[in-house]
Each structure stands twice: as C-alpha cells, then as structure tokens.
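Hello,

Here is the structure I promised to pass on to you.

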Amino acid sequence: MQDEVTKFYRPGRWSDEQIVEEHRFCFELAEHELPVVAPWTNAAGESLFHHDGFRFALYPRQGGHAPEFDNLDNLLILGRMLGRIHLIGAVQPFASRPTLDSRSFGHASVELIRERFIPEEYRASYTAVTDQLLEAVDGVLAEAGPIRYLRSHGDCHSGNILWRDNAPHFVDFDDARMAPAVQDLWMMLSGDRQRRIAQLEVLLEGYNEFFDFNPAELRLVEALRALRMLHYSAWLANRWEDPIFPATFPWFNTVRYWGEHILDLREQLAALGEPPLELG
C-alpha cells in the first residue's frame, strides 16, 4: 500500500452526511480524470470511518509544492482545471453542504468575535469597522443580481494545490460548498491592479475553454475577500479551547493581533469602494 494520510474530523463542524457528500464530489471529479486527491474506500465503498468516537478518512499521500501564481503558464493550466471542475460542479447542487453567504461567513463571525474575543479597548473600533464592512458586503451581494452558485472547492489557495510534473493536484475539499465560480479563482490573483487583470485574463482564457465564466461575478471579489477575513478569525476563535490551536497559532487573540486585524478590515473596506476588476 502506498503512503497514506489520515484526516480526522473535528466534532460538530460537519455531519456525516456533509462529509460523505464532500467525498462523493471528489469521486465524481476523479471519475472524470480531474487531478483531485480523493479519499480511499474500503471493499464496501465506504470512505468515512468511525473508531472510538473519532471520525476519519484515509487519503493517498500526494507530493508536490505550492504553484507559482505569478507564472502565467501555470495560471492557464489552473484555469483549464477549474473550468473542468466547475463544469462537473454545476451539474447538480450539494444537498447537505452549506452555501457561502454573508450570514454564516460574515455576520455570525462578527457576532462571535464581539461577544467573546475582542479586547475592550478595541471593541468600539471593531464594531464600527465591521458594521460598515458588512453593510458594504451585503450591498455588493444584493446589487450583483442573479449569480449562479455551484459546487466549488471553496478554499482554493496555494496551500490546497500541489504542483508536480507541470500539473496541479487539488487537495482538501473540506470547505467545499455552494458558491459563485469566482470563489475558486480570486485567491490566485495578486499584485497591483494591472498585474491582477493580466493574471485574470490568462486564468479565464483557460477556464472558458471548458466552462463559461460570468464577468458579473468580478464585482464579488472584494466582498468574498472580506468574508474570508472575517470567517478566518472566527474559525480560529471557535477552536481556541482546543490546546493545539494556541500552540499552532500563538499570534492569534493577542492585543497586537486585534489591532492589526482592525487595520486590515479598514483597508478591505476601502477596497470594496474601488471599481471591480474588468477584462480588456
């Protein structure tokens, strides 16, 4: 048997049905010869296992390194792969897994931080900036009009893509959910505005070979970035009583962290006021 990786599922985050649905999505993509790392199954076709109160899955170990998003050739390949993934993802919706929305990623995250984590000296500043940020995000989502939601990877950053033999391998579909297609694209863009537009054009050149991208979704990019920022802090906060989290993320929940986080949120609020990226 080749090397394997065991993934344990934390209690309370996902139901068994949601985990199995994530696995089935991976199997569906793999059946179409897409480079996703899907869990192993036993002779009965089961991929989620239980032992002594723990839930876990087994994955083949995949070698590789993070892709270079500054390399336009890499972005062309990634665009093609994501177009193929979304072509399958659009066939049917998730039945059990959630939808990326402002309520769960934004408002609920802010409520948790305000109630249990923000230091008193930063409470007024945090409340003011998050009120404005959520109002802006909700406005963008409301003005976007009818946006298609499909089954997505959901967390498509460089750490969840392993590059090997001039090809990507997509791993960790733990955040798979219904989301706009652009959710799996915007994290690959970086640099100044002109650089991001150049990256986007190449990414979509490959993507549109297999699935049509709706340019109207570009207005969602900064709103989705804002929701990710809010959600990430809440993700850490929700797990702060687990001893491994303070040891792994010692910088979180310090006075310095919250001061810098508020500054980042103010910058993101300003970004939401800028014109969205446009294709040439």
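The model is predicted, so local features need pLDDT of at least 70 and side-chain atom pairs count only at pLDDT 80 or more, while totals for chains, interfaces and linings use all residues. Residues are numbered from 1 along each chain as its sequence is written, and side-chain values use heavy atoms, with hydrogens and water left out.

Back to His32, which sits in the loop between α1 and β2. Helices (H or I, at least four residues) and strands (E, at least two) are DSSP runs, numbered from the N terminus. With a relative accessible area of 41%, His32 is partly exposed; buried means under 20%, exposed over 50%, and partly exposed in between, using a 1.4 Å probe and protein chains only. The His32 side chain reaches the backbone oxygen of Glu28 at 2.9 Å. Leu82 is 50 residues from His32 in sequence, and their C-alpha atoms are 13 Å apart in space.

Next, the sheet and its helix. Three strands form an open sheet in the order β1-β3-β2, with antiparallel pairing; two strands pair if DSSP finds at least two bridges between them. β1 (4–9) and β2 (49–51) are at the edges and have a single partner strand each, so one side of each has no neighbour in the sheet. From one strand to the next, the twist averages 40°. Helix α1 (residues 16–31) packs on this sheet and touches β1, β2 and β3, and its direction makes about 5° with that of β3. Axes here are lines fitted to C-alpha atoms, for helices over the stretch in contact, and angles run from 0 to 180 degrees between N-to-C directions. β1 and β3 (residues 54–60) run antiparallel and are joined by six bridges, and Lys7 stands opposite Ala57 in β3.

Arg55 is also in strand β3. At 12% relative accessibility, Arg55 counts as buried. Its side chain makes a polar contact of 2.9 Å with the side chain of Asp16. A polar contact is a pair of N or O atoms within 3.5 Å; within protein, one must be able to donate a hydrogen and the other to accept it, and residues adjacent in sequence count only if both atoms are side-chain atoms. Ile19 is 36 residues from Arg55 along the chain, with 9.9 Å between the two C-alpha atoms.

Now a pair of helices. α3 (residues 102–116) and α4 (residues 120–143) pack at an angle of about 175°, and their axes are 11 Å apart. Among the residues making the contact are His107 and Val110 of α3, and Tyr126 and Leu134 of α4.

His261 touches Tyr126, Met229 and Ser233, leaving out residues up to four places away in sequence. At 6% relative accessibility, His261 counts as buried.

β5 (residues 161–164) and β6 (residues 167–170) pair in the antiparallel sense over four bridges, and Arg164 has Ala167 in β6 as its bridge partner. Two residues lie between these strands, and Asp165 in the hairpin takes a positive phi near 55°. Most residues other than glycine have a negative phi. Asp172, in the loop between β6 and β7, also has a positive phi, near 55°. Asn253, in the loop between α7 (244–248) and α8 (255–272), has a positive phi of about 60°.

Last, Arg177 is in strand β7 (residues 177–180) and counts as buried at 5% relative accessibility. Beyond its neighbours within four places in sequence, the contacts of Arg177 include Trp14, Phe94, Phe105 and Leu150.

Best wishes

Terms used:
Contact = heavy atoms within 4.5 Å.
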